[in-house]
Number of protein chains: 2
Amino acid sequence: MSDTDDGGGQELGITESKAHKPGEWYAEVVQKAELADYAPMGGFIVTRPRGYAIWERIKDHLDGWFKSSGVQNSYFPMFIPESYLEREKDIVEGFDPEVAWVSEAGHEELEERLAVRPTSESIITPFIARWVRSHRDLPMRLNQWCSVVRWEATDTKPFFRTKEFLWQEGHTAHADEDGAWTETMARLGQYERLYEEVMAIPGLTGRKPEHDKFPGAHTTTTIEALMPDGKSVQAGTSHYLGTSFAEAFDITYADVDEAERTAHTTSWGLSWRAMGALIMTHSDDQGLVLPPALAPEQVVIVPIWQEDTEDEVLEYSADLAADLDDEFRVHLDDRDERNPGFKYNEWELKGVPLRIEIGPNEVADGEVTMVHRPDGESEVADRDAAVDAVGEALDTVYAKLYAAAEATLEENIREAHGRDEILGTLGQHGGYVRTGWCGDEGCETEIKDQIAAEIVMLPLDRDEAPVHDTCGVCGEPAADTAYFAKNY
Amino acid sequence: MSDTDDGGGQELGITESKAHKPGEWYAEVVQKAELADYAPMGGFIVTRPRGYAIWERIKDHLDGWFKSSGVQNSYFPMFIPESYLEREKDIVEGFDPEVAWVSEAGHEELEERLAVRPTSESIITPFIARWVRSHRDLPMRLNQWCSVVRWEATDTKPFFRTKEFLWQEGHTAHADEDGAWTETMARLGQYERLYEEVMAIPGLTGRKPEHDKFPGAHTTTTIEALMPDGKSVQAGTSHYLGTSFAEAFDITYADVDEAERTAHTTSWGLSWRAMGALIMTHSDDQGLVLPPALAPEQVVIVPIWQEDTEDEVLEYSADLAADLDDEFRVHLDDRDERNPGFKYNEWELKGVPLRIEIGPNEVADGEVTMVHRPDGESEVADRDAAVDAVGEALDTVYAKLYAAAEATLEENIREAHGRDEILGTLGQHGGYVRTGWCGDEGCETEIKDQIAAEIVMLPLDRDEAPVHDTCGVCGEPAADTAYFAKNY
């Protein structure tokens with residue numbers, strides 16, 4: 001069997017180039033690294049074990065942080081009665097065009113259509129209203145990990161654009177604006193921490209312009225990440241909802257002074273788009289690249305032997321694997337039917353951050369040879385110090401990934417002063433263009449019509465002085481700093 | 001505020017009796033212990049944080065066992081195209097009457113209706129067929145944690161009967177019958193372990209009669225648990241599917257000798273019915289009773305103070321809580337606005353297995369007073385030995401729960417020899433009636449028509465000699481031992 005055949009007749013390596021055909025390259029990485037496959041219905045994907053394992057680790061990190069900051073998991077029905085969806089007018093206007101409806105079940109027409117949840121404010125908020133009676137019940141913080149469905153008519157792009165996607169949605173109620181704002185920002189901060197510490201991606205945080213807020217929200221905050229193709233991805237948003245949902249669904253509580261007050265609510269969600277951003281940011285023409293915190297296997301040991309050295313090499317390798325197993329996720333690839341070169345390619349394709357090569361020389365010298373996934377750099381360590389050395393090497397891999405992503409981000413935030421310069425900069429480089437903005441949606445439209453870029457965020461601090469005194473598009477006085485970018 | 005008011009005007013305690021009105025009592029426990037609430041659509045429930053926390057712990061136990069025995073998690077679409085559902089004829093016949101259909105989405109009629117998954121063989125098996133090429137790809141073991149929808153027209157009973165329910169579904173492919181059978185039995189064994197070690201419920205394992213198998217299965221095995229009202233609950237089933245799905249969806253593989261062979265498959269699932277069985281088995285007229293492994297709080301510390309002893313009692317209690325916190329899930333209830341009696345009732349209602357009372361006497365004597373939830377038995381331990389003592393007390397609580405459930409089960413497996421004796425025994429005692437069975441479904445129907453009991457299982461071992469020589473209903477030679485019971 002040849003080295004480039006995976007046994008099923010499929011070519012193993014990535015054939016497309018990230019630089020030249022990013023869309024095709026991405027689709028190939030996702031499929032060949034066995035992260036996902038296309039479902040028979042357009043817009044749906046199947047998440048394979050290697051993909052789901054990454055999502056599980058993202059989930060474990062966030063879930064731990066949520067729980068240690070007062071959030072409780074729960075589960076609400078996947079269907080929302082049409083009349084409930086209609087109770088908050090902005091929600092129904094915002095989501096109605098994308099809803100999948102169940103109108104027949106058990107061979108009968110339903111009296112009322114049921115929406116497959118596109119987001120769950122409309123079913124969760126009325127229960128928070130039922131459960132909250134007194135100021136002692138606040139804050140109430142609920143979260144659920146589930147899938148939602150939004151019927152958008154676009155090409156399927158695994159994890160980026162799918163009609164059903166996995167996410168978590170948090171829904172909280174607070175006594176006042178201050179509590180709800182603190183919550184909104186705390187969750188955005190946890191998303192940022194996920195990006196930076198776990199995914200090795202520097203995120204940009206900001207707020208959406210008024211015309212691009214979540215339906216019914218007072219303020220929508222966002223974490224944006226820059227993709228290597230120059231587009232921005234929004235994978236997490238945290239909304240301060242003000243009292244709009246609390247009023248629509250009647251969340252009132254008896255305050256300390258016995259007065260009845262209306263609660264302030266938030267909602268916040270992070271979807272598997274974060275996984276899409278992760279794959280696209282770090283991976284290369286050899287395949288998937290993963291930061292150590294999310295890799296299903298952090299270390300793969302590849303023994304290299306001839307007939308006369310087989311026993312000693314395999315024994316040394318197995319012993320090393322056993323030593324590392326307490327601290328790391330280790331796989332010993334001792335398959336007889338594959339040669340080392342094939343194995344290197346396969347584990348590079350699958351994104352294992354660190355490869356350890358063990359041959360007769362390593363055995364003789366009491367050493368281990370470690371090769372970093374992102375750049376092929378190799379280093380040698382003493383066998384006796386292998387546990388510490390592997391830990392340090394994995395930290396180095398993380399640092400390399402983060403530094404590369406950070407450099408790309410820094411190089412790709414540019415300023416521009418006029419309409420032509422904005423269009424020219426976006427056209428030539430992609431990335432973010434920072435400019436003054438008058439606050440008029442029309443100025444965004446002018447850019448959008450020319451180049452399909454939009455204002456992806458404004459600074460979080462509403463009082464921050466605009467970067468320029470005038471709007472980069474119309475020249476009127478600037479009210480804000482806008483970040484224009486093409487986006488997913 | 002009175003002691004029996006929870007602050008929201010609702011009475012805190014359980015008012016119905018488990019012995020006399022088990023249905024009403026169950027509904028009250030579920031709602032007042034804040035496990036679940038009724039959704040606006042009949043047949044759906046909302047799982048509140050205290051309920052979901054129990055499900056999460058069930059999930060964590062099973063998921064760990066699955067992963068350490070070769071199972072990989074994945075996620076498949078929640079919708080199944082009608083044409084896929086139709087590819088295995090037994091599945092479509094079995095589930096079609098219960099399917100919820102999406103036929104409109106994004107303001108358009110769909111070309112093909114999509115079933116909201118009632119179970120996922122029809123969408124998972126074709127992908128296993130795509131991924132399996134060679135004997136080296138086998139066994140392939142996939143699992144997903146998700147919800148499914150089955151539109152059954154029955155009264156809602158939280159966790160027992162709901163149109164949408166949470167479960168896990170495992171789907172595996174093997175080279176031969178032997179491998180698939182071993183898998184089927186291994187998963188049944190893990191369900192039994194969950195029941196016994198985690199839920200403190202002795203389970204009965206067996207197989208379903210031919211006419212009550214999972215659609216398309218060669219053999220359906222089941223774990224049944226006896227409820228205090230004399231009915232049997234099936235919460236987990238494990239199916240050996242033979243080659244029926246592999247043939248319908250074309251799972252073939254190249255064997256060692258290069259010959260193309262058809263795989264054998266299994267599927268197995270455990271739903272939140274297990275939670276229903278848990279709540280119903282152990283709880284009592286004071287409310288929820290939980291085994292320590294599943295309780296959100298394993299220990300609650302209730303300090304008892306007067307003004308002059310407040311400081312010393314609270315300090316002693318906080319210090320104890322900090323000590324226990326490393327090993328147990330501990331809650332210190334130091335609310336000022338509630339008296340100890342109110343707190344005792346509240347935590348009994350919510351099912352905390354162990355209450356520790358700390359008053360001035362405990363402080364003076366350097367002791368802790370521990371009270372077991374199931375029976376109110378109290379014991380005193382030295383403060384210095386509190387960590388060990390709490391661990392032992394929790395083991396004792398588990399042992400008491402298991403022993404009580406085991407005694408009930410043993411008392412309620414009875415033999416009967418004729419039609420009248422079967423009906424009389426079931427009518428008088430409920431529980432299981434064991435008898436010889438000829439194998440004819442008609443004999444089950446005769447019993448069912450009289451008393452709504454059915455054959456819930458047969459022995460796992462097909463070669464086991466029947467308990468009686470003749471069928472308990474018709475008197476013809478017996479082929480098997482049947483366990484008749486009323487069931488959920």
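Analyst: A salt bridge here is a side-chain nitrogen of Lys or Arg within 4 Å of a carboxyl oxygen of Asp or Glu. By that rule there are eight salt bridges across the interface of chain A and chain B. The model is predicted, so local features need pLDDT of at least 70 and side-chain atom pairs count only at pLDDT 80 or more, while totals for chains, interfaces and linings use all residues. Residues are numbered from 1 along each chain as its sequence is written, chains are lettered from A and ligands numbered from 1 in the order in which they are written, and side-chain values use heavy atoms, with hydrogens and water left out.

User: What makes B:Glu104 and A:Arg113 a salt bridge?

Analyst: The N to O distance between their side chains is 2.9 Å. The limit is 4 Å, so the pair qualifies.

User: Which residues of chain A and chain B count as being in contact, and how many are there?

Analyst: Contact means heavy atoms within 4.5 Å. On that basis 57 residues come from chain A and 56 residues from chain B. The two chains bury about 4900 Å² between them, with 63% of it on carbon and sulfur atoms. Buried area is the accessible area (1.4 Å probe) that two parts lose on being put together, summed over both.

User: How many residue pairs are in polar contact between chain A and chain B, and what is the rule?

Analyst: The count is 26 residue pairs, both residues at pLDDT 80 or more. A polar contact is a pair of N or O atoms within 3.5 Å; within protein, one must be able to donate a hydrogen and the other to accept it, and residues adjacent in sequence count only if both atoms are side-chain atoms. The side of chain A that touches chain B has 32 nonpolar, ten polar and 15 charged residues. In this division Ala, Val, Leu, Ile, Met, Phe, Trp, Tyr, Cys and Pro are nonpolar, Asp, Glu, Lys and Arg are charged, and the others, Gly among them, are polar.

User: How do you know that strand S5 of chain A and strand S5 of chain B pair?

Analyst: Strands are DSSP runs of E with at least two residues, helices are runs of H or I with at least four, and both are numbered from the N terminus. Two strands pair if DSSP finds at least two bridges between them. The two S5 strands (residues 100-105 in each chain) have five bridges, in the antiparallel sense, so they pair. One of the bridges sets A:Ala105 against B:Ala100.

User: Why are S3 and S9 of chain B called edge strands?

Analyst: The open sheet in chain B has seven strands in the order S3-S7-S8-S14-S11-S10-S9, with mixed pairing. Strand S3 (72-73) and strand S9 (204-207) each have a single partner strand, so one side of each is left without a neighbour in the sheet. Within the sheet, S11 (residues 232-242) and S14 (residues 264-271) of chain B run antiparallel and are joined by six bridges; B:Thr237 has B:Gly269 as its bridge partner.

User: What makes domain 1 and domain 2 of chain A separate entries, and what links them?

Analyst: The bounds come from an automatic or database domain assignment, which gives domain 1 (22-282), domain 2 (299-400) and domain 3 (413-485) in chain A. The C-alpha centres of domain 1 and domain 2 of chain A lie 40 Å apart. Eight residues of domain 1 and five residues of domain 2 take part in their contact, and about 590 Å² is buried between them, 55% of it on carbon and sulfur atoms. Between these domains the count is one salt bridge. A:Glu34 and A:Lys350 form a salt bridge at 3.9 Å, N to O, so this pair falls within the 4 Å limit.

User: What does the salt bridge of B:Glu415 and B:Arg434 tie together?

Analyst: The closest N and O atoms of B:Glu415 and B:Arg434 are 3.3 Å apart. B:Glu415 lies in strand S20 (residues 413-415) and B:Arg434 in strand S21 (residues 432-437) of chain B, so the pair ties together parts that are 19 residues apart in sequence. Over all chains the count comes to 66 salt bridges.

User: Which backbone angle sets A:Ala452 apart, and where is A:Ala452 found?

Analyst: A:Ala452 has a positive phi of about 60° although it is not a glycine. A:Ala452 is in the loop between helix H14 (441-451) and strand S22 (453-457) of chain A.
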